[in-house]
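The structure is shown below.

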Amino acid sequence: MSKHEIRLRRQKFGARGSDRFRNYSEVLQRHEREVRLRKIIRVFTFLFIIMIVVMLIVIVVRVEKRMDKKSSQIESINSSRS
Amino acid sequence: MSASTESMTEEEILKENELVERSRNDSRAFGELYEKYFDRIYYFLLRQTDDEEIAGDLCSQTFVNALNSLSRYAFRGLPFSAWLYKIASNEVNKHYRKSKGKKIFSIEEIKVRELVDRSDEDWDEEIIQRLLTYLKDLPTDMLQVLELRFFEDKDFKEIAFILDMTESGAKMRTYRALDKLRKNFSIKMKYDE
């Protein structure tokens with residue numbers, strides 16, 4: 001079965017059939033809306049990335065602190081034994 | 001208005017590119033391009049959808065997309081319309097992917113008659129029907145090339161750009177389709193000269 005269909009138009013396309021859809025101000029409005037939306041998405045993405053980085057830093061600092069605490073505890077136990 | 005295109009001289013292409021450059025910062029300049037090419041893109045889309053509403057929507061989307069990515073437009077020595085045709089072609093493909101329907105090619109009878117140089121007495125309904133059956137059996141990519149070449153009057157360089165292929169690939173595809181057409185119909189094509 002073919003993937004396309006051929007339709008024959010007996011008449012030429014209407015002389016001013018396209019005028020109904022010609023609206024440059026609407027195209028401009030849609031463009032401005034999309035530009036605004038893209039800016040918002042970019043800002044949110046940037047904030048999200050910053051949030052992730054901050055969270056990672058906090059996690060690393062906490063883990064480091066916990067490890068420091070543990071090693072100091074072990075050291076103190078060792079020193080008390082000796 | 002029918003969507004026939006006139007070929008542009010190198011000077012006209014360069015002049016048009018100045019307008020494109022201005023359009024990057026001036027929406028009024030882009031308005032001139034919109035007015036110039038709206039009909040051609042609309043009828044190109046109408047030929048591929050056979051639905052005025054869908055063609056109108058896709059046409060608006062084409063120009064919105066063009067405005068959105070105008071900063072990325074790179075001049076390649078081709079008319080600005082080639083870039084618009086490329087965007088429109090992508091929009092049509094997207095539309096058919098979404099709707100999962102069969103791709104439609106709506107062809108005006110007068111264009112089919114223009115394609116084949118044949119004296120009027122030999123030209124009858126049966127030949128038109130046979131020609132349509134032949135076009136229906138062609139692979140879609142071959143038909144796309146034929147459409148741009150003969151119904152939109154695009155040269156091979158532009159076709160290659162619009163369909164993302166090499167110029168020699170576009171030529172080969174067209175000539176292969178035309179060879180088949182000549183064999184099947186033993187008729188002289190308008191473009192044989």
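This is a predicted model: local features need pLDDT of at least 70, side-chain atom pairs count only at pLDDT 80 or more; totals for chains, interfaces and linings use all residues.

**Domain 1 and domain 2 of chain B**

Domain 1 of chain B covers residues 10–99 and domain 2 covers residues 109–185. Their centres, taken over C-alpha atoms, are separated by 24 Å. Each of the two domains gives 13 residues to the contact. Together they bury about 1,200 Å², with 56% of that area on carbon and sulfur atoms. On the domain 1 side, Arg47(B), Leu78(B) and Lys86(B) supply 41% of the buried area, more than any other three residues.

There are two salt bridges between these domains. Lys86(B) and Asp164(B) meet through their side chains in a salt bridge, at 3.5 Å from N to O. On the side of domain 1 that touches domain 2, α2 and α4 (80–99) of chain B each supply at least two residues. The most comes from α4(B), with seven residues. By class, this side of domain 1 has six nonpolar, four polar and three charged residues.

**Chain B and chain A**

Chain B puts 43 residues into its contact with chain A, and chain A puts in 30 residues. About 3,600 Å² is buried between the two chains, and carbon and sulfur atoms give 54% of it. In chain B, the residues that lose the most area to chain A are Tyr34(B), Asn68(B) and Lys102(B), together 15% of what that side buries.

Six salt bridges are counted between chain B and chain A. In a salt bridge of 2.8 Å, N to O, the side chain of Arg22(A) meets that of Asp39(B). Several elements of chain B give two or more residues to the side that touches chain A, among them α3 (52–68), α5 (109–115) and α7 (140–151). The largest share of that side, eleven residues, is from α2(B). The residues of that side divide into 21 nonpolar, ten polar and twelve charged.

The chains also pair through strands: β1 of chain A (residues 4–9) and β1(B) run in the parallel sense over six bridges. Within this pairing, His4(A) stands opposite Lys103(B) in β1(B).

| Residues | N to O distance |
|---|---|
| Arg22(A) and Asp39(B) | 2.8 Å |
| Lys86(B) and Asp164(B) | 3.5 Å |

Technical notes. Residues are numbered from 1 along each chain as its sequence is written. Chains are lettered from A and ligands numbered from 1 in the order in which they are written. Side-chain values use heavy atoms; hydrogens and water are left out. Contact means heavy atoms within 4.5 Å. Buried area is the accessible area (1.4 Å probe) that two parts lose on being put together, summed over both. A salt bridge is a side-chain nitrogen of Lys or Arg within 4 Å of a carboxyl oxygen of Asp or Glu. Helices (H or I, at least four residues) and strands (E, at least two) are DSSP runs, numbered from the N terminus. Ala, Val, Leu, Ile, Met, Phe, Trp, Tyr, Cys and Pro count as nonpolar, Asp, Glu, Lys and Arg as charged, and the others, Gly among them, as polar. Two strands pair if DSSP finds at least two bridges between them. Domain bounds come from an automatic or database domain assignment.
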